[in-house]
Amino acid sequence: MSHTLPSGLRAGAVVAASSANLGPGFDSLGLALSLYDEIEVETTDSGLVVDVEGQGVGHVPLDADHLVVRAIRRGLDAAGLHAEGLKVLCRNVIPHSRGLGSSAAAVVGGLAIANGFAAQAGSSELTRDQLVQLSSEFEGHPDNAAAAVLGGAVVSWTVDGSDPVRYDAAQLQLHPDIRLFPAVPETRSSTAATRGLLPAEVSHTDARFNVARAAMLVVALTQRPDLLLEATGDRLHQAQRGPAMPASAEYLAVLRRCGVAAVLSGAGPAVIALTDGRDLPAEALDYGAANGFTVTEMSAGDGVRWSSGT
């Protein structure tokens, strides 16, 4: 039996962008970035009002299909709560359809809003593990979702043989020397479309290559930043997605020729460069600017935060 929330309750959430895969860690490695969406929600007597500012204006639904709304409803249901009406305000900074985890941020932020309401209703808040599970169910894979929930760098996985599917994640302690340089183009891409470019089967040789690089990348991210260039090698998805985003594929190649560890951010088209403390070479910055990429240094993002108050 769910408890109906009174009107006039307020809750807020702040949630980070994220980069997934990081080269070899397909659907498993993720990294939160210091770029944050903000959500404010008030319970009402009835109806639904959704307002969006910033990224996504004119491109996202303003009804019950909005990801934030769907996630709020799912989180409230998990907490045994119900709201007759909602007034939702999304202040979006994370670019949409660029591979920076905007959909994961929307889902994680919505679930965090539910926690803000649960705190006021005297109900148990969703744990971090539950937030990872529920947000990953929306996404179908846990890398972006886990990074947005936990912050920093994460290793995430699907529990083998679980029915229903269960997701889990562990946070990594990112080495303090590592610097992050996301490069975001104006063009957009669809994760579903680019995932459709991937082959159903891969060779044992390529699988072995990626397993070794993914293991090395954990070492590079936590202890040995000097290994980043070699550790971010990939044979399973980046080259296969290249034809759908030629400018990103070429910029990725330019950065790596300059000795910079660079990967597609998620399914692209954003690219993210990681250094062991060095600046990006002038050649790489100039190429990015000349080809429509906005390159900005960011730090690792924090895990999702929520607040509540009447």
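Is R213 buried or exposed in this structure? R213 is buried, with a relative accessible area of 15% (buried means under 20%, exposed over 50%, and partly exposed in between, using a 1.4 Å probe and protein chains only).

## Before we start

This is a predicted model, so local features need pLDDT of at least 70 and side-chain atom pairs count only at pLDDT 80 or more, while totals for chains, interfaces and linings use all residues. Residues are numbered from 1 along each chain as its sequence is written, and side-chain values use heavy atoms, with hydrogens and water left out.

## Salt bridges

Let's stay with R213. It pairs with E230 in a salt bridge, and their closest N and O atoms sit 2.8 Å apart (a salt bridge is a side-chain nitrogen of Lys or Arg within 4 Å of a carboxyl oxygen of Asp or Glu). This pair links distant parts of the chain: R213 belongs to helix α6 (residues 204-222) and E230 to helix α7 (residues 228-231), 17 residues apart. Helices here are DSSP runs of H or I with at least four residues, strands are runs of E with at least two, and both are numbered from the N terminus.

The structure holds 12 salt bridges. Among them is D226 with R224, at 2.8 Å from N to O; D226 is partly exposed at 49%, and R224 is partly exposed at 39%.

## The largest pocket

Now for the pockets. The largest one holds about 700 Å³ of space, and 42 residues line it, with L67, G101, S102, S103 and E139 closest to its centre. On a 1 Å grid over the protein atoms alone, a pocket is an open set of points with protein on both sides within 12 Å along at least five of seven lines, and lining residues have an atom within 4 Å of a point. Its volume is the space filled by probe spheres set on the points, which are joined across faces, edges and corners.

Helix α2 gives the largest share of this lining, 5 residues. By class, the lining splits into 15 nonpolar, 17 polar and 10 charged residues (Ala, Val, Leu, Ile, Met, Phe, Trp, Tyr, Cys and Pro are nonpolar; Asp, Glu, Lys and Arg are charged; the others, Gly among them, are polar).

## The second largest pocket

This one has a volume of about 220 Å³. Its lining has 13 residues, and R10, E40, V41, E42 and L89 lie nearest its centre.

Note on methods
1 Å grid on protein atoms, 1.4 Å probe; cavity = no way out; pocket = protein on both sides within 12 Å on 5 of 7 lines; lining within 4 Å.
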